[in-house]
Amino acid sequence: MFSEHLVLGLFLLGGYVKPDLQNSFLLMFMRMLLVVPLMASLSFKLYPSALKELKDLFNRDASGALHERRDILIQALGCGVLMFVYIASLYIAIGLIPTGIALTLFFTYPVFTALLSWRFFGDRPTLFRWLVIGIILVGSALTIPQSSATYSSHTIAIGIFASVSAGIVYAFYCIIAQKCLEKFHPVPFTWISFACTLFLSGVSLLFWPAKSAQLDWTPLWIGSIFSGLISFIGHTLNNVGIRMVGASTASIIGSSSPALTALVAWVTISETLNVIQSMGIGVVTLGIALLSAEGFVKSLKNRS
């Protein structure tokens with residue numbers, strides 16, 4: 001969307017919008033405008049009780065359940081706000097620095113998730129986990145690009161800040177989601193998050209409108225449909241995982257994405273990294289694998 005690339009060595013695609021805040025709001029709004037109603041129709045078929053659970057959140061009665069439902073609603077809406085913030089930040093980062101690097105820095109969020117889990121749930125990191133967290137941070141530092149003709153130091157700094165900020169916000173999303181999903185099903189929860197993102201991106205466009213006269217709408221709509229569907233599937237599966245194994249473990253397992261993103265970017269749009277950056281992604285992936293192994297060992301011990 002943000003920059004032109006030769007896809008699969010066959011044809012040029014991209015460069016439809018500039019990587020700024022207004023266009024991030026626009027892409028987010030277009031994606032959610034199509035996906036939220038589609039997601040509603042599919043979600044309520046996959047989970048027939050979803051509509052009833054949503055209505056229950058707004059029902060008023062004299063029982064003590066009212067306070068609990070209000071807490072669940074606030075948590076779900078809070079996650080929707082956090083989703084809006086981290087997606088906007090990540091869009092900006094991907095437009096400013098290489099995709100593989102932006103996603104690698106974003107996927108340092110397990111570090112912040114682990115620290116937040118310690119703060120809010122008393123899940124104190126072990127010495128091994130502290131060591132692995134250090135490994136992940138070192139690997140992330142190695143991926144930071146140097147200034148060049150393609151990427152100025154100012155552009156790199158904004159891209160890094162946006163990527164890391166998106167990761168921190170997503171860590172808060174995971175922690176709040178873990179609390180909410182203890183009493184609320186992932187399907188209606190995910191729909192609320194997407195609906196909030198649609199509303200907030202639409203409101204943002206009212207205050208910071210994009211320059212629509214200069215946009216090529218056909219590829220923007222096609223890309224928005226595709227990215228929206230993929231995002232819906234990914235978030236639903238992630239929220240199911242959070243409910244089943246907890247935010248910290250789910251984030252660790254799902255953080256194999258940096259290496260996969262760099263590989264897909266290399267295959268599809270020939271986005272190359274230097275040796276040090278490739279080593280950094282490898283180090284981050286190794287750290288994530290070690291954390292995943294720790295969680296697997298713990299689950300085996302609990303079963304025995």
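A search of the whole structure finds zero disulfides, a disulfide being a pair of cysteine sulfur atoms within 2.5 Å. This is a predicted model, in which local features need pLDDT of at least 70 and side-chain atom pairs count only at pLDDT 80 or more, while totals for chains, interfaces and linings use all residues. Residues are numbered from 1 along each chain as its sequence is written, and side-chain values use heavy atoms, with hydrogens and water left out. Let's walk through the chain topic by topic.

**The overall layout**

- The chain's secondary structure comes to 12 helices and two strands; helices (H or I, at least four residues) and strands (E, at least two) are DSSP runs, numbered from the N terminus.
- Starting at the N terminus, the elements run β-β-α-α-α-α-α-α-α-α-α-α-α-α.
- The chain has 304 residues, and 46% of them count as buried; buried means under 20% relative accessible area, exposed over 50%, and partly exposed in between (1.4 Å probe, protein chains only).
- Of the contacts in the chain with a separation of 6 or more, 79% are between residues 24 or more positions apart; contact means heavy atoms within 4.5 Å.

- Cys-180 is in no disulfide, and the nearest cysteine sulfur, that of Cys-79, is 6.3 Å away.
- Cys-180 is buried, with a relative accessible area of 0%.
- Cys-196 is in no disulfide either, with the nearest cysteine sulfur, again that of Cys-79, 9.3 Å away.
- Cys-196 is buried, at a relative accessible area of 14%.

**The nonpolar cores**

- A nonpolar core is a set of buried Ala, Val, Leu, Ile, Met, Phe, Trp, Tyr and Cys residues joined through side-chain atoms within 4.5 Å.
- The largest nonpolar core has 49 residues, and Tyr-86, Phe-106, Tyr-173, Phe-184, Phe-189 and Phe-194 touch the most other members.
- Helices that each supply at least two residues of this core include H1 (21-46), H3 (65-96), H7 (153-180) and H8 (186-207).
- H3 gives the most to this core, with 12 residues.
- A second, separate core holds 10 residues, among them Ile-97, Leu-105, Ile-156 and Ile-160.

**Aromatic pairs**

- Rings of Phe, Tyr and Trp (its six-membered ring) pair if their centres lie within 6.5 Å; planes under 30 degrees apart count as stacked, over 60 as edge-to-face and the rest as tilted.
- By this rule the count comes to seven aromatic pairs.
- The rings of Tyr-86 and Tyr-170 have centres 4.9 Å apart and planes at 70°, so this pair is edge-to-face.
- Tyr-86 lies in helix H3 and Tyr-170 in helix H7, so their pair ties together parts that are 84 residues apart in sequence.
- Tyr-86 and Tyr-170 are both buried.
- Tyr-173 and Phe-189 form a tilted pair, 6.2 Å centre to centre with 50° between the planes.
- Since Tyr-173 belongs to helix H7 and Phe-189 to helix H8, this pair ties together parts that are 16 residues apart in sequence.
- Tyr-173 and Phe-189 are buried too.
- Ring pairs link Tyr-86, Phe-106, Tyr-170, Tyr-173 and Phe-189 into a cluster.

**Two helices side by side**

- H5 and helix H6 (residues 127-143) pack at an angle of about 145°, with their axes 10 Å apart; axes are lines fitted to C-alpha atoms, for helices over the stretch in contact, and angles run from 0 to 180 degrees between N-to-C directions.
- H5 brings Val-111, Ala-114, Leu-115 and Trp-118 to the contact, while H6 brings Arg-129, Trp-130, Ile-133, Ile-136 and Leu-137.
- The residues of this contact divide into eight nonpolar, no polar and one charged; Ala, Val, Leu, Ile, Met, Phe, Trp, Tyr, Cys and Pro count as nonpolar, Asp, Glu, Lys and Arg as charged, and the others, Gly among them, as polar.
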